[in-house]
Amino acid sequence: MRHIGQSGKIFTLSAIASVLVLSGCGSTPKTQSKPVVVEPSPIETTQVEQNVTPEHKLLEAKRVWERTRNKEQRNSLLLQAADLYLQNQQPVLAQQVLFEVKEDGVSERNHSYYSLLVTKAYAGMSDASADELLAMLDGVTGTGETAFQKAELQTQLYSQQGNFAAAANSVLQTNLPDEDKVQQVWQWLTSIPTETLTTVGKAYPALSPFITLRELTEANASSPATLARELQKFQQVYQGHMLETTLPDNVLKATQLTDAGANDIAVLLPLSGRLARTGQVVKNGIMSAYYTDVEKRQDEHLLPRLRFIDTNGVDTQHLLNEIGDTKFIVGPLLKDTVEKLIPNLHAGVNVLALNRPEERIDQVAANNISNNNTITTSPSPALNSDADMPESILTATDTQGELDALGLATSLNYFGLAPEDEAKQLAEYIFNKGYRAPIVIAAQSSLYQRMDTTFKTHWRALNNKENKRRANITSVTFNDSNSLREGITQALDVAQSNDRINQIEYMTNDEVYNMPRSRRDIDAIVAFASPQDTELLNPIIEASLNPYDGKQVPVYATSRSMDYDSGKNQWRDLQNVHFIDMPWLMPSHNWQPLQQEVEQAWQNQNTMQKRLFAFGFDAYQLLPQLGMLNTLKYLSHEGLTGTLSLNERGEVIRQQPQAMIRNEKVYMLSE
C-alpha cells in the first residue's frame, strides 16, 4: 500500500504548501516506503472545536512551527487537519497531508493517531490491502472515541476480507446501540458453517453467548413453543448480557410461530396415466416418512390424515374441489399443474410444490464467456437420452416475475430435483478447491446443455468476485463416441501433439520415438453426460493425459452421470471420478434401518426410483418445518436428498455430499 501523492508534493491549497515548505527546515525527512509500527504511547483522538476547518489547523501548524520549531506539536496539528479532511469526505487531501507527516517522521506520541487516520483514509479504497491496514490498527491504543473508531475500522476491514467471526467480535467493541450490535453480530454469526462454531467460540469468547443462542435455536427448530420456553431459560442464564433484553428479530419471530398442527394433508400426484409409476414412487416415499413418524410418536392418532389426489387428466376446478378446506398441500408434481393451480388457491394455504421456478439463465452471458475455447464436434445420433424422467419434475422454467405476479397471501414453497442446482454446486466446489482452468465436456441434449450453461454462468460469476476477467474454460460438446473422442483429444491438445510428431517424422524421414503430450494448463475436467457416456469418456481422458509429468487431472461429475444398477464394470470405467449425489444413494448413510425396510417392501428399485423415493420422503418431513426454515434461514434439514435449506424466495436449496470412485467402490469424501 502506498500513499496517494507520493510522486509529488505540490498541493492545491497554499496553506498546505506553506506548511510543507517549513516541514523540511531543521529536520531530515525519512524516506521509508510505509510507516513503521512501533509501540505508541496512549493518546486519544484529538477532539477539535466546531466550525474549525482543515485550513485553520494547517495555518495553526505553520504558526507553531515558526514560533517554536516543535516538530511533534506541528505534526499533531497536521494530523488534526487530516482528520478534518476525512470528516469532510476529502480523503485525497487527507492522504496527502498524512504522506508528508510520514515523510517527515512520525513520533512515538503521534504514531497511534497517525495509524488510525491512515487506516480511515484508505479503508474505503478497492486497491488498499486490508491486511496492511489491520496491521496498522494493531498499533492504535487508547480508550473512548479512539477505541470505538478502531473497532469500527476493524469491523469494516474484517468484513471486506470475509472474516465474519472477527468482524462480529469487533462490532461488539463499537459504540453502536445494543440492538444494532445484536442484529449485525447475528447476521454474520449465522452465516458461519455450524462445524466451525466451536473454533470461533475459542478464538472470540465474547461471541460465546451468540453461539449458544444459535445452537439453542437449531436444537429446538421443530417446535416454536419449545423454542420460546428454552429462550426464557437462556435469558435467565445470561442476565446482564445484551441478549437478555435484545434478541435477534428473526428469533423473536420464530417464537411467535404456531406449531404446524396439520391434521389433514392433501398430496397431489399423477397416480394414473403415463406418469403413474413416477407418482407412485414419490407416494411410497411420503408414506414411508409418515410411518416413520408413527414409530417415533408411538401414537398414530397424533399424525395427520393423508389424502392422495390424482392430478392426471383433471382440470383445476376438480383439484380445488378435492382440496376443499385443506390447509396443507404437498405437490403438484408437474410444472404445468403447479402453474394452473397455485393462482387459484385460497389465502392461508401452506403449499410445498414438488417443482419450483428457476432463475432465468442468461444465454448471452454464458455464450460470451471471455477467452473461452469452444470445441463443438459434428452432430450425429445421440448415445443416450434422459427420457427416463420427465424434465418437468427435474426443473421448472418460470421466471421470478411470473411467480410474483401471482400476488398470493399463501405460504408457498418449492422443492425440486433441478439438475441446474447440481451444476452450480459443482462449480462452487471446484472453484473453492482452487481450480481455475477446467475443460467442460457436455452431451448435446437439452438436460446436459442446461447444466453446462448453468456451470459456465456461475463460474464466470465466481471469477468476477475475484476480479478475474478470464473465465479460463475450454468447452467440448459431443453426441456420439467418435465426436466425444475427437473433442477430448482436441481440447487436451493431443491431436496437435500427434500432428507435430508426424511432421517431424516426415521432415527427418525417420521414425520418432515419442509419446503425444497433453496440455499442462488444464487443472480439472467436468463432465455433464449420461452414465453410459461418462463410462466412455473417463477412459478416453485417462488415455489422453500425459503419463510422464506426474500431474493428476481430476474428473468431476454430477448424479446425472451415476447409475447404480450397471454393476462393477461401471465403477471400473469410472475409476477416480469425483461426483456429487444424494446421501440416500451413498454406501454409508444414517438411514440404514430404513433402507433395509425399503428394500424389503419395494425390491429391485432402480437408481431413478431410489431418488424419487428419497424426494417424497423429504417432502413429507419438510412440511411441518417450513415455517421455521423460512424464518431462520440458517437452519437446515438433513434429508435423504441432501442438506436442505430455504432461500429468500421459498425455494429448497439442496447441498449434496461429495464422493469418489476407487477400486470399483464408492467412497464418501469429507470435504
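How closely do the axes of H3 and helix H5 (residues 108-122) come, and at what angle do they cross?

**Entry 1: H3 and H5.** I looked this up in a predicted model. The two axes come within 10 Å, and H3 and H5 cross at roughly 20°. Since angles under 35 degrees count as roughly parallel, I therefore recorded H3 and H5 as roughly parallel to each other. The crossing of H3 past H5 is left-handed. I then listed the contact residues: H3 contributes Glu72, Asn75, Ser76, Leu79, Gln80, Ala82, Asp83 and Leu86, and H5 contributes Arg109, Asn110, Tyr113, Tyr114, Leu117, Lys120 and Ala121. By class, I noted seven nonpolar, four polar and four charged residues in the contact of H3 with H5.

**Entry 2: H3 and H4.** I next turned to helix H3 (residues 71-87) and helix H4 (residues 91-104), whose axes lie 8 Å apart at an angle of about 160°. From H3, the contact residues are Lys71, Arg74, Asn75, Leu78, Leu79, Ala82, Tyr85 and Leu86. From H4, they are Pro91, Leu93, Ala94, Val97, Leu98, Val101 and Asp104. I noted that the contact of H3 with H4 comprises 11 nonpolar residues, one polar and three charged.

**Entry 3: the sheet.** I traced an open sheet of five strands, ordered E2-E1-E3-E4-E6, with parallel pairing. Strand E2 (305-310) and strand E6 (411-414) each have a single partner strand and stand at the edges, so one side of each lacks a neighbour in the sheet. From one strand to the next, the twist averages 15°. Valine 267 stands opposite valine 330 in E3. I also noted helix H16 (residues 316-323), which lies across E1, E2 and E3 and runs at about 165° to E2.

**Entry 4: confidence.** I checked the pLDDT of the protein chain: the mean is 82, and 77% of the residues reach 70 or more. Residues 2-15 have pLDDT below 50, and this stretch has 27 contacts in the model beyond near neighbours in sequence. Residues 494-507 are likewise below 50, with 21 contacts counted in that way. Where pLDDT is low, the predicted coordinates should not be read in detail.

Technical notes: Residues are numbered from 1 along each chain as its sequence is written. This is a predicted model: local features need pLDDT of at least 70, side-chain atom pairs count only at pLDDT 80 or more; totals for chains, interfaces and linings use all residues. Side-chain values use heavy atoms; hydrogens and water are left out. pLDDT is the predictor's confidence in each residue, from 0 to 100. Contact means heavy atoms within 4.5 Å. Two strands pair if DSSP finds at least two bridges between them. Helices (H or I, at least four residues) and strands (E, at least two) are DSSP runs, numbered from the N terminus. Axes are lines fitted to C-alpha atoms, for helices over the stretch in contact, and angles run from 0 to 180 degrees between N-to-C directions. Ala, Val, Leu, Ile, Met, Phe, Trp, Tyr, Cys and Pro count as nonpolar, Asp, Glu, Lys and Arg as charged, and the others, Gly among them, as polar. Angles under 35 degrees count as roughly parallel, over 145 as roughly antiparallel, 65 to 115 as roughly perpendicular and the rest as oblique. A crossing is left-handed if the near helix is turned anticlockwise from the far one by less than a right angle, and right-handed if clockwise.
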